[in-house]
Structure formats: C-alpha cells, structure tokens
Amino acid sequence: MMIRGAIAKRLVSTNSSSSLSSSSSGWSWLCQKTSSSRSSSSLVGQCLNDDNNNNNKLEFEFDGIEKTSKISSSRWFHSASLGGGGGLPSSMRAAVFSEPNKPLTFEEFHIPHPKSGEILVKTKACGVCHSDLHVMKGELPFASPCVVGHEITGEVVEHGPATDTKTIARLPIGSRVIGAFIMPCGNCSYCSKGHDDLCEDFFAYNRAKGTLYDGETRLFLHSSGKPVYMYSMGGLAEYCVVPANGLTILPKSLPYTESAILGCAVFTAYGAMANAAEVRPGDSIAVIGIGGVGSSCLQIARAFGASDIIAVDVQDEKLQKAKIFGATHAINAAKEDAVGKIMEITGGKGVDVAVEALGRPQTFLQCVQSVKDGGKAVMIGLAQTGSVGEVDINRLVRRKIQIIGSYGGRARQDLPKVVRLAETGVFDLSNAVSRKYTFEESNNAFQDLNKGNIVGRAVIEIM
C-alpha cells in the first residue's frame, strides 16, 4: 500500500535535400541474415484512470506501382479556416525503403494531407526501432516502396475535412503531439471494446497493405505522383498523416527528441507490463533482451513496484545500464546459464513474469522456462517470418504456465498514461535515449542498430 500511495501521489499531483550517396557494397551488414536483437500495472494504470476520460538502395525504381497522374481534390483539402492553411511548403523529404538489404533513399514528396479523422503532423523526431530494421532486412514482409519510421513527435499543422469538433478541440493546430505506432480506427469490434492493440483496420490495411484505413496511402512522389506506402504513419519524414486516435498531447515540459520513444519503445513496454503481465507490487520480473523496449520494461516494472527485477542480455554495457533503469540483478547469458541463474536468484521457483524482447526461438524457450508455476511468459519481440518457438506441453498444462503475446499498448487509454509517467519523472527519458542522429544520418542509425552499437534507444531529429 505504501508503494501504491507513493506512485499515486507523484502521478496525480502533476498537471498534467538529395539522396545520400553510398555504395551498396557498404551495406553488406543488411545482407547478414542474423536474428534481430530488438532488445530489449494496473497499479499505475489505476492512478491514471482519470486521464482516460480526457484521451478516451541507391537507385530507386517503382516498377509495378500504379501511376497516379491526378490527385483528387479531397485528398488535398486544406483546413485554412482552422489555421492550418498558411506556410506549408509544396513538398517534403522522406526516407524510403525500396528493397531488402539496400539503404534508405531520401525522396521529394507532395506534402501529404489528411482525410476525415486524420491529422497532419510536422515531424520533429522519430525513434530508431528494430521493427523498421526487420522490414529493411526483408525479415518482415511489407509493401514497398514505403516510408519507414513509426515512433514520432511533432506539431499539428492540419486537420482532415469533416474531422469532428471534439478531435479538433483535443488536438488544435499548433499543439505538440506524440504518436503511437498502433493507430486505432476507433470503430472496429476490438476498438469498440477498448482493445486498441487489436484494431482490425490497423492490421488489415496498414500492416497488410501499407495504407491508411480507406485503403489508400497519403504519400505521393513529387516528381511523378507515384504512390509510396506507409509503415504506420511513415514517420521518417518531414510531415506525416496520423489517425487522430493514435495521437495524444505532449506537454511542453517534455522534449520533442527524447519523447519520441514513448510512442513505441515505452508504449510497447507499458502494454506488456500493464495489460499482458498485469504486474503487481512485489512481483518478480525477468526481462530477456535489454534494448530500447527491454530497458523500458525494466523502468515500468520498477514503477509498478516489482521486487526482483532481473535483466538478461549478452552485452555487459547494456547490463550495466540496466541497473540505472531498475534492475536488481544482471545476467550475461553469453557467460552463464540464464535460466539456471534466474532459478538461483528466486530460490528455485522462477519469476512471476518473464518478458522476451528479442524474438528468437532460443530466448522464447528461456522465457517460458524462467517462470514459476502459474507464471506468465510475455512475448514482445518480433521475429523473422516463419520463426517457431518450442514449449514443454506437459509443464504448460500441469503447472498452469501462461504464454502471452503482446504487440503494444492501447493508444487511447495507455499513451496518455505513458506520457504522464515521463512527465512526472517516474520514467527516465534522458537516460533511455543514448544516441541522436540527424535526418541525413538515418542510414547510419540503422546500421548502428544492426551492429548492436546502440545501448538503449536512438532517435533521429528531423526538424
């Protein structure tokens, strides 16, 4: 109860250019089909319930993509009456993925314009995530060419036509915003039940086709008008269109750059710990893979009052930093048996919750083996398509082991809570972001990510 009161008090008291030139041979790192290292409770949620009411590759060919010679007037509707009409340029730059194992190219686009229920955001920063890297390496199939980037902060510059007045009042022109990578439609059977993380339109249109929810992209090349697809909002761009349900206000007290990670790394961690694991004070936690998402899980576990917080990785540098984020124990799985060490720490019982943030069959098995009887193994790491994890069926059945998949949080409910955690200092943003890159250095950022050179999370500053 002391932990519950302390966290509640802290939270409730706060008011709340041209293409880069490099040779394809310099990109041999993308040709290495190695597994990705996407490294990585309700208590805080209860403290924040009131917030819910307020926030209920160098040459680029486009063969096979239907040419769009004419853009409809509705697509280019501009909300001048709302204050968004003045000052927008006629074009913008965006980083485009064209085919696996080739670098991103920077292309000129028409300024995208939102449709009903959508917002045009002037992008300030975009996080560097393994999900994008999976796409760039061909490990996750996705429509191409596409603009990657799904972890953004920015400024509202335009509302789509016929956007409802409540949305306009919530997200006025000029407001600072943060976007969740899962952008709920708000209307499907899952969204109507509050399960934004299972939004049917998001998966059927964006993840399956690279479009928004009318089946069309908002991105068209300036030179030819040809369409380019969107990974989430296509955030590695100077402007992006985001469904309004995927946005929440970013307080002036939080910086644009570091706050970008709240929309995926922290959002994913919160969904895993609060919704999937339902972490309670005193729970023992193991996090396997201490990258951007995994390190965020450590911080969320600490905020929820977990007791033993065990960090597992193969890099000592990441394990050292894990202690800053709340880890009480650190295990280098390259030097010792991770599962055996977890059992030793927990007196042979295992942990209440184990989180796997790497997306590898080996660590999937370690995660399941690490939990106690009745414990929860939560899987948040994406894997190369076709990867399969093994599990001991008899132990699963007899010892009531729960294996739970968790892709992310619920944007309308959870994103404001995640922002509040950062605003109140419960979540340490400054230490979570370890590297910053310029927009022109985007390829360098993903190369460093692929090599494992980024401890924590990196962010690309766009404007």
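Biologist: Which residue in β6 does E155 stand opposite?
Modeller: In this predicted model, E155 faces R176 of β6. The two strands, β5 and β6 (residues 176-179), pair in the antiparallel sense over 4 bridges.

Biologist: And which residue stands opposite E155 in β3?
Modeller: That would be K122. Strand β3 (residues 118-128) is joined to β5 by 7 bridges, and those strands run antiparallel.

Biologist: How many of the residues of β5 are buried?
Modeller: For strand β5 (residues 152-159), 7 of the 8 residues are buried, so the strand is largely enclosed by the rest of the structure.

Biologist: Okay, switching to the surface. Which residues form a nonpolar patch there?
Modeller: The patch is made of V391, I393, V397 and I403, with about 340 Å² of accessible area together.

Biologist: Where does V391 lie?
Modeller: V391 is in the loop between β15 (371-379) and α14 (393-398).

Biologist: Now helices. Which residues of α13 are buried?
Modeller: In helix α13 (residues 361-370), the buried ones are T363, F364, Q366, C367, V368 and S370.

Biologist: And what covers them?
Modeller: The cover over the buried residues of α13 includes the helices α12 (338-345) and α14. Strands contribute too, among them β11 (285-288), β14 (351-356), β15 and β16 (402-405).

Key
Residues numbered from 1 in each chain as written. Predicted model: local features only at pLDDT ≥ 70, side-chain atom pairs only at ≥ 80, totals over all residues. Heavy atoms only, no water. Buried < 20%, exposed > 50% of the residue type's maximum accessible area, 1.4 Å probe, protein only. Pairing = 2+ DSSP bridges. Patch = residues over 30% accessible without salt bridge, like charges linked within 9 Å, V, L, I, M, F, W, Y side chains within 5 Å. Areas by Shrake-Rupley, 256 points an atom, 1.4 Å probe, with all protein chains shown as cover. Salt bridge = Lys/Arg side-chain N within 4 Å of Asp/Glu carboxyl O. Contact = heavy atoms within 4.5 Å.
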